Amino acid sequence: MRSYRDLFRTPEFSPFFLAASAQTVAQTMGGLALGVLVYRATESPLLSAVSMFGSSLVQVLGAALLLSAADRLPPRTALTALPLLFAAATAALALPGLPVWTVFAIVFAKGLVESVGGGVRWGLLNEILSKDGYLLGRSVFNMMSGLMQIAGYATGGALVALLSPRLSLLAAAALYLLAAVVVRLGLTRRPPRTTGRPSVSATWRANALLWSSPPRRQVYLALWIPNGLVVGCESLYVSYAPDSAGTLFACAALGMLAGDVLVGRVLPARLRRRLGFPLLLLLAVPYVPFLLHPAPPLAAAAVTLASVGFGASLVQQERLVALTPDALTGHALGLHSAGMLTMQGVAAALAGSVAQLASPATAMTVMAVGSAGVTLSLMSTGRRVEPGAVEVCRPTGDGIR
């Protein structure tokens, strides 16, 4: 598969893409509205950051307990049910007078359900396109995510400024409903990729197998930690520049779009493989000068440049898919998604705590320096990790062994 045109000629890719687009807009609109709502009520950078990214904190529980469901549920059924649940949760967050603890309970419950969604979604993408088209397809999804985040933050910012955060949350709930309808009508029924019932023990066995390979372990750490720490910087946009937060989020999405085009379509494979770690450094370094409180135009330029570095994840995901047996693809990609989102939630909480004690600008610099340090450490470790053979996984009566 060589071109974007080939992707959209593939059966089922277009409705799958459209449903994910609606869900991304809903997620960004809802997150921004909730962050503003909580910040207005509490004036706390920590609580605002956690409200936007806190659902990611519980992804690790889903990865430890529920992730075997990613390959054991019928994909169309799962991808229809999940946005329906998200719509209900988002509409509930719009209720007036909701206590803060109730808000966070809903956010964390939503995150637990989301932990399975990533594995189902990306495992199905690998089925629709096959491994040779996965990188190109994922780059299109990442570009879509950048564009839809721009649209979501711009629309959400306008709704918050002109109307109210609660109306923005209700609009996000409506988009989740639209995504569920598109999935139900546009995708065909498929059997689960793996036989057996979802269970905690099956999840643990598959996680242990995936984590046992040093090359895969190194890829997972590169996918989770450096960009997670930078998302901690992003979680402080509202408290760093309340009037320009929507602009900063949109610039971050624009930079991510540019990085995905660069990595997914422009760079040749030989060069692409060499740029994984340099792109991770680019992701962090432009945030270091935020300690000096750059003016909004300079801050927007730095955010845009830094976000080009998110293209590194495509390089690492391509390697992860190559190292993973077909029967565990959904689980492996779900573990990547859950771990990444968990790290983003942890980083948001950490960044908010530092901002509470010092300032948002100081916290952003601290997180950026930490991200660059982790990347340099992984670069050094990566030189010593020899690519190993991919383990042979055999399906048994109750799952993967």
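Entry 1: I looked up the second largest cavity and found it lined by F16, A19, A20, Q23, L79, R121, A179 and V183. I note that the model is a predicted one. The space in this second largest cavity comes to about 70 Å³. I counted 3 cavities of 30 Å³ or more in the model.

I then asked which helix gives the most to the lining of the second largest cavity. Helix 2 does, with 4 residues. Helix 2 (13-42) and helix 8 (165-186) each supply at least two residues of this lining. Sorted by class, the lining has 6 nonpolar, 1 polar and 1 charged residues.

**Entry 2: helix 5 against helix 6.** I next turned to the packing of helix 5 (residues 75-93) on helix 6 (residues 100-129). I recorded an angle of about 160 degrees, with the axes 10 Å apart. Angles over 145 degrees count as roughly antiparallel, so helix 5 is roughly antiparallel to helix 6. The crossing of these two helices is left-handed.

From helix 5, the contact is made by P75, A78, L79, L82, L85, F86, A89, T90, A92 and L93. From helix 6, V103, I106, V107, K110, V113, E114, G117, V120, R121 and L124 take part. I classed the residues of this contact as 15 nonpolar, 2 polar and 3 charged.

**Entry 3: cross-reference.** I note that L79 and R121 are listed in the cavity lining and also in the contact of helix 5 with helix 6.

Conventions:
Residues numbered from 1 in each chain as written. Predicted model: local features only at pLDDT ≥ 70, side-chain atom pairs only at ≥ 80, totals over all residues. Heavy atoms only, no water. Axes fitted to C-alpha atoms, helices over the stretch in contact; angles between N-to-C directions. Parallel < 35°, antiparallel > 145°, perpendicular 65-115°, else oblique. Left-handed = near helix turned anticlockwise from the far one by under 90°. Contact = heavy atoms within 4.5 Å. Nonpolar A, V, L, I, M, F, W, Y, C, P; charged D, E, K, R; others polar. 1 Å grid on protein atoms, 1.4 Å probe; cavity = no way out; pocket = protein on both sides within 12 Å on 5 of 7 lines; lining within 4 Å. Points joined across faces, edges and corners; volume = space filled by probe spheres on them.
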